[in-house]
Amino acid sequence: MLTNEIAKKANVHPNTVRLYEKWGYISPVFRKQNGYRIYTEIHLKQMYIARLAFNQEFIQNNLRKMATNIVRLSGQGNFKESRKAALTYLQFLQSEYDYAKKAIQISTNIMQSNTSSPLIFTHKMVANHLQLTEETIRNWERNGLFKVNRDTQNRRQYTEEDVQKLLIIRTLRSAHFSLTSILHLFQEIEALEHGADIHTLLNTPKFKNEFYHVTDELELNLKQAMKDVCSIIHILDQLQT
């Protein structure tokens, strides 16, 4: 196949094919004496893998890096390791999907109850529970997305409501909300409801509209990404036979 032919089959611009070769997303391509690139069926399958891997754009938990790793291993012809990476990626996507569902359920539960939990969690415990780095949570705090009480030794003490709010922030970030957008959303709600706790915040029409809209989209994107990575695994199985 020539460049235009493989580009048409992969549904991309010919320049994308050349870039994928340059970036190592497909194997090195043989060139004829006249300089024309000649692509094989393996190159086409590698193109399909790349397109499927980058079909959805995620910013949370290094999912983009994980997708890129699958593609690069495939481009190196290391299909066995690429398949392993794809299986790991699928597990992480499922985990993110579970977190999104959990965020919706927690939000609904909080809306229906004003009770708060006396449980106290450490910074490390919260980071592990939400599968976030401790620095990510500190960054959210520095950007004013939430406040947390500290003990006499200046150690952060998280309540269950703090953790619930962090889960909501995590979900909004996963749905491509910027830190500034999340902050503005919270500020707008708190301006209307002075001293708004998480229960009041979640019951405001603005939050409900924003949150349930973006979580619906996030769920759909994660479902599609899981479907795409299953297709990648199928292609990699073919390449190993």
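What follows covers the cavity and its lining, then the backbone angles. Keep in mind that this is a predicted model.

Let's start inside. With the cut-off set at 30 Å³ or more, the count comes to one cavity. The largest cavity holds about 40 Å³ of space. Who sits around it? Its lining is made up of L52, A53, Q56, Y89, A225, D228, V229 and I232. Helix 3 (41–53) and helix 11 (205–240) are the elements that give two or more residues to that lining. Helix 11 provides the largest share, with four residues. Sorted by class, the lining of the largest cavity has six nonpolar residues, one polar and one charged.

Now for the backbone. Most residues other than glycine have a negative phi. Against that background, have a look at Q131 and N154: Q131 is not a glycine, yet its phi is positive, and N154, also not a glycine, has a positive phi too. Here they are with their places in the chain:

| Residue | Phi | Where to find it |
|---|---|---|
| Q131 | about 55° | loop between helix 6 (123–130) and helix 7 (134–142) |
| N154 | about 65° | loop between strand 4 (149–150) and strand 5 (156–159) |

Technical notes. Residues are numbered from 1 along each chain as its sequence is written. This is a predicted model: local features need pLDDT of at least 70, side-chain atom pairs count only at pLDDT 80 or more; totals for chains, interfaces and linings use all residues. Side-chain values use heavy atoms; hydrogens and water are left out. On a 1 Å grid over the protein atoms alone, a cavity is a set of points where a 1.4 Å probe fits but cannot get out, and a pocket is an open set with protein on both sides within 12 Å along at least five of seven lines; lining residues have an atom within 4 Å of a point. Grid points are joined across faces, edges and corners, and a volume is the space filled by probe spheres set on the points. Ala, Val, Leu, Ile, Met, Phe, Trp, Tyr, Cys and Pro count as nonpolar, Asp, Glu, Lys and Arg as charged, and the others, Gly among them, as polar.
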